[in-house]
Amino acid sequence: MRSLEDVWRKRAAHYTEELQKYMRFVFTGHMALVIVFLLGAGGYQYSHWLDANHGNSDVPVAIITALIVAIFITLSRPVTLLKKPDEVYLLPLETKLDVYFKHALRFTYVTQIIIAAVIYIVMWPTLRQVAELSVPHIVAGLVAVFFLKYMNVHAEFTYRWLREGDRRWMALDYTIRYVLSAAVIWAVLENMPYVATLAIIIFVVHTAWIKTYIQGQPFPYEHFVALEENRMMGIYRFANYFTDVPQVHGSIKRRKYADVLYKLIPKKHAKTFEYYLFRSVIRTDDHFYLWLRLVFINALVVGFVDIAIAAMVMCAALGFAVALQLKQAIASTHEFTMSMLYPLPENARKKAAVHVVRYFIIAQAIVVLLASIMHPYCWAYALIIVIVGEVTLRLSK
């Protein structure tokens with residue numbers, strides 16, 4: 001390769017292809033349905049709240065906006081696309097790494113500013129109707145978001161270089177940058193230019209002070225490589241909920257708090273597979289977090305969405321998703337396990353899988369019932385989950 005720019009260009013292209021390859025499995029099927037209903041129901045609720053609080057000066061909109069948006073501005077983990085061999089092969093080019101990191105920080109900024117900007121734009125109607133701010137003030141706040149995100153991306157990269165990601169120091173740096181970022185947005189929205197200017201000056205001085213300490217300090221390859229590996233593994237684990245990802249190897253955790261649940265299944269010969277699969281779902285991160293994530297979304301919808309029909313459709317969709325995905329995950333396996341040597345009928349595992357998934361469907365229904373206990377249709381939500389889940393178990397292969 002002719003330069004580090006070529007290295008970055010090829011890695012960015014490979015990363016984009018890898019992301020597209022797996023994300024097309026994520027935003028299809030039931031997840032697309034979930035997103036559509038969440039956006040629709042959320043938009044309706046938001047519109048209703050705006051109408052109810054129009055011109056309400058008791059709501060501290062500027063402070064709330066600043067505190068929320070500042071979270072997404074402050075979290076600016078750099079995307080470097082570094083790999084393990086770089087710890088050796090890039091050492092001779094360490095003095096020229098600025099060229100590579102210039103592209104890396106630009107990529108980080110472009111991909112992360114979108115989220116912060118969208119969150120701010122979502123708050124725009126609140127700022128306009130509830131706080132009754134003028135459009136120039138709101139636009140000035142958006143400009144501040146773009147500027148602050150740029151500062152935070154460079155500040156976090158510099159601080160990680162200095163402290164090699166030490167958690168105690170990173171927590172301090174996060175706190176300082178969060179407070180300053182929130183102060184700038186709040187001051188801009190409240191038309192206090194002197195406060196905003198002072199906060200920006202402190203931010204710039206803070207970042208410049210850090211940069212003086214990394215001059216001549218070796219680049220911490222190990223930290224940034226580990227950071228990149230963890231980030232990619234997070235993407236792979238998320239995609240693994242929707243399709244098989246070769247890079248993901250399921251991890252196992254004890255979860256002591258769930259030990260009491262194992263007593264629900266009697267220790268009998270006929271219940272061997274049922275006990276084994278029930279324990280596997282709880283202890284396997286991929287299976288357990290799949291169920292937990294879908295149930296959390298379900299509880300969130302029925303708890304905050306007042307549109308009964310929308311909540312019922314969501315309950316049906318997520319009841320179907322839990323039943324189908326859990327059953328497919330545990331009903332059969334292509335790998336050899338010691339359970340294959342058990343002196344049990346050939347179809348014992350599939351029958352046990354249906355029973356185990358049924359337990360988790362009932363648990364989902366109970367959680368949804370508790371989350372929507374104040375709604376008149378709470379029992380209907382739980383009943384829909386049980387019925388749809390049971391039908392899915394009986395009809396799916």
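View 1. Helices (H or I, at least four residues) and strands (E, at least two) are DSSP runs, numbered from the N terminus. The patch consists of Ile64, Ile68, Ile71, Phe72, Leu75 and Ile115, and together they have about 480 Å² of accessible area. Such areas come from the Shrake-Rupley method with a 1.4 Å probe, and for residues only the protein chains shown count as cover. Patches are made of residues with over 30% relative accessible area and no salt bridge; like charges are joined within 9 Å, and nonpolar side chains (Val, Leu, Ile, Met, Phe, Trp, Tyr) within 5 Å. Isoleucine 115 is placed in helix H5 (residues 97-130). With a relative accessible area of 46%, isoleucine 115 is partly exposed. Buried means under 20% relative accessible area, exposed over 50%, and partly exposed in between (1.4 Å probe, protein chains only).

This is a predicted model, in which local features need pLDDT of at least 70, side-chain atom pairs count only at pLDDT 80 or more, and totals for chains, interfaces and linings use all residues. Residues are numbered from 1 along each chain as its sequence is written, and side-chain values use heavy atoms, with hydrogens and water left out.

**View 2. Glu156, Arg160, Asp173 and Arg177 are linked in a network of salt bridges.** A salt bridge is a side-chain nitrogen of Lys or Arg within 4 Å of a carboxyl oxygen of Asp or Glu. In one of these pairs, the side chains of arginine 177 and glutamate 156 meet at 3.2 Å, N to O. Arginine 177 belongs to helix H7 (residues 167-189) and glutamate 156 to helix H6, so the pair ties together parts that are 21 residues apart in sequence. Arginine 177 is buried, at a relative accessible area of 0%, and glutamate 156 also counts as buried, at 0%.

**View 3. Arginine 160 sits in helix H6 (residues 135-163).** Its relative accessibility is 8%, so arginine 160 counts as buried. The side chains of arginine 160 and histidine 223 are joined by a polar contact of 3.2 Å. A polar contact is a pair of N or O atoms within 3.5 Å; within protein, one must be able to donate a hydrogen and the other to accept it, and residues adjacent in sequence count only if both atoms are side-chain atoms. Leaving aside residues up to four places away in sequence, arginine 160 touches several others, including Arg77, Tyr174, Phe224 and Leu227. Contact means heavy atoms within 4.5 Å.

**View 4. Glutamate 390 forms a salt bridge with arginine 358, the closest N and O atoms being 2.9 Å apart.** This pair links distant parts of the chain, with glutamate 390 in helix H14 (residues 378-395) and arginine 358 in helix H13 (residues 348-371), 32 residues apart. Glutamate 390 is buried at 19% relative accessible area, while arginine 358 is partly exposed at 25%. The side chain of glutamate 390 also meets that of arginine 394 in a salt bridge (2.9 Å, N to O). Arginine 394 and glutamate 390 are separated by about one helical turn, because they are four residues apart in helix H14. Arginine 394 counts as exposed, at 64%.

**View 5. Helix H11 (residues 285-304) is mostly covered, with 14 of its 20 residues buried.** The end C-alpha atoms of H11 are 28 Å apart, which agrees with the 28 Å that its 20 residues should span at 1.5 Å a residue. The expected span of a helix is 1.5 Å times one less than its number of residues.
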